[in-house]
Amino acid sequence: MIDLTVRIGSLILENPVMPGSGTFAEGMERVIDVDRLGAIVAKTITPDIRHGNPQPRLTEVVGGMLSSIGIPSKGPDYFCAETVPFYARFKPPLIASISASSVEAFGKLAARLNTPGIAAIEVNLSCPNLEVNGRAFAMFPEATRDAIRHIKESTDRPVWAKLTPNVGDITEIAVAAHEGGADALVVANALLGMAIDVTTFRPKLGNVMGGVTGAAMKPVILRMVYQCAQAVPLPIIGCGGISSINDAVEYMLAGATAVQVGTANFIHPTTMIDIIDALPEFLRRHGLTRVTDLIGTMRANEAADPSWAAVG
Amino acid sequence: MSTLSPIQPRPIRAEVCRVVFNTPLHGPYRHLAVTASATALAAMPGQFFQLLCPGQGQDRHTLRRPMSVYRVDHARGQLEFLFKIVGAGTRGLSGLAAGDELDIFGPLGQGFRLNMQWRHIVLLGRGAGMATLAPLAETAIARGMKVTAILSAARPELAVAADHLRAAGAEVRIVNDADGSAAPEWLEPVLRQIVTEQGVNFIATCGSGRLLRLVRRLHQEFGIDGQVALEQPMACGIGSCFCCVRPFVVDGQTIFKRVCQEGPVFAIQEAA
Ligand SMILES: Cc1cc2nc3c(=O)[nH]c(=O)nc-3n(C[C@H](O)[C@H](O)[C@H](O)COP(=O)(O)OP(=O)(O)OC[C@H]3O[C@@H](n4cnc5c(N)ncnc54)[C@H](O)[C@@H]3O)c2cc1C
Ligand SMILES: Cc1cc2nc3c(=O)[nH]c(=O)nc-3n(C[C@H](O)[C@H](O)[C@H](O)COP(=O)(O)O)c2cc1C
């Protein structure tokens, strides 16, 4: 028997595969068997009702996409009245994702979500901290620690801190989230980028800057997962450019306990199911019986390809 | 009291199809047919598929490309698209040959809503927009409605789907930029004449903001039902990503709707 269950703090998941926030919504149950997912992660909501960023919101880059959606949100009342009941009929635990522009507002929103049907709260720390300098919470250790601590005080649900890759040393932020009491880390959100149309000299995104996501991001985020896994004793959910079983395994070898799939859902809508289907066979082939046997087992000191060594 | 079972939303699938033909039409247009499953063949006029277009040469696009259903051939089990080559994805599509594979995802979105009481409908399409309206002609004619199709193009020889619409039994009129007949100033009186002389219950439009506004004026003045199929670059096609939103005016308020999910077909009065 192959065991795919993983534990994220107090939460046990049937398998380690779930969608990245904002890349999965109501309607996907018409495409895939949602019951097979490890968890369901909802799109980020904010305390207020927001329309999001101006068009264009999307352009392509080699190996991925560049988007600036700007977190359109119908607010917590809609979320509790519509989204939570919608997902209640599916087996996987529902993870709410929240964002706010102050520590206070984060706490209030988390408290508002103390309702049945929400298994954990993912904190999208990539939003601007309007009280301090208008830059993302997760760019600063103190802001990260304060926000997570306040959210922990406001809810009894497990709290996952979703970090931004737009930092020099992500381990400082990982440590701060841990100190704040986070139950897990999600590494990471989208990398800031931009693109310019050389025929019109205009930015390709209405917001000028946006987030790079998809396959092109994998080496960068994989490295960050590896670094965070060395820095903190928390379960890590890897997220960045995963589109196949091999990508998912790579993240787990680097230290992730679970993975989130984002942009790949747009290209191959069955990606998550395909990964879940392929995991048992992968483990069998490597003589393993539990998916947790993969976590952090990269053979770090045996790098180099032998044929290369022979030449050198 | 009996309990009503909820209406089951139809399934949506990503499936690898075989290309049956991919015929160059006039100018930049291609007519593509693939064999498809019953799920795909259930597509309604105005719905679309997200096509995983192959890359050609230097092209390295990553996302799927939305294409409306041009025709469903139930007898042959084929799904047809009519597309214009404009960039990387459609260039890749144009290179497909009979026997090649094409990954399609759908059917997606909300199609046109036809009222069975209607007697006469007008299709008003600009360029490739006519590809989106064409299946409506077949459906309406099969229901005994009269269909007038007005095809707008840069030049008369570039009009899209004219033969197909004639064969389906529609009355076809071609207007173009070359002689000025496609300009709203010229087109509007023509449409008004059709409305007053023949009576029109419904106008569907696609492919042009100017035509959209023209249909809205006729809706406001004559109370004629109108629907528009809108386009917007999109990523997921199924409502997850919120890339394809556009502003709509509902009850005097501007709200944002997803073209892929709430659309691509919208009531003419709310489309901005
Ligand atoms: C619901 C829907 C149904 C559609 N149905 C059809 C159809 O039946 N036949 C057809 O020919 N086309 C249709 N389109 C448009 C088609 O999707 C685009 O032309 C295609 O995505 C362009 O891809 P590309 O890679 O070839 O071009 P790109 O390299 O992506 O772009 C080339 C140029 O085309 C412009 N462009 C890109 N996407 C769109 C778009 N959605 N609308 C207008 N301009 C665009 C770009 O701004 C750029 O200038 C539809 C679009 C939508 C949203
Ligand atoms: C269109 C789009 C919308 C997203 N929306 C959110 C969001 O609302 N909240 C969030 O935390 N992350 C959001 N993300 C980030 C993803 O959850 C994920 O972290 C990122 O895409 C990296 O994973 P990927 O490379 O697999 O796409 C979004 C990404 C995309 C592409």
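**Domains, ligand shell and chain contact**

The C-alpha centres of domain 1 of chain B and domain 2 of chain B lie 24 Å apart. This is a predicted model, in which local features need pLDDT of at least 70 and side-chain atom pairs count only at pLDDT 80 or more, while totals for chains, interfaces and linings use all residues. Residues are numbered from 1 along each chain as its sequence is written, and chains are lettered from A and ligands numbered from 1 in the order in which they are written.

Reader: What makes 13–108 and 120–229 of chain B domains?

Author: Domain bounds come from an automatic or database domain assignment. Chain B is divided accordingly into domain 1 (13–108) and domain 2 (120–229).

Reader: How many residues does the contact take from domain 1 and from domain 2 of chain B?

Author: Two residues are in contact if their C-beta atoms, placed from the backbone, lie within 7 Å. The contact takes 12 residues from domain 1 of chain B and 13 residues from domain 2 of chain B.

Reader: Which residues come nearest to ligand 1?

Author: A residue is near a molecule if its C-beta atom, placed from the backbone, lies within 6 Å of it. Of the 23 residues around ligand 1, the nearest are S68(B), G87(B), G89(B), T90(B) and A128(B). The shell draws at least three residues from each of domain 1 and domain 2 of chain B.

Reader: Which element gives the most to the shell around ligand 1?

Author: With four residues, β4(B) does. Strands (E, at least two residues) are DSSP runs, numbered from the N terminus.
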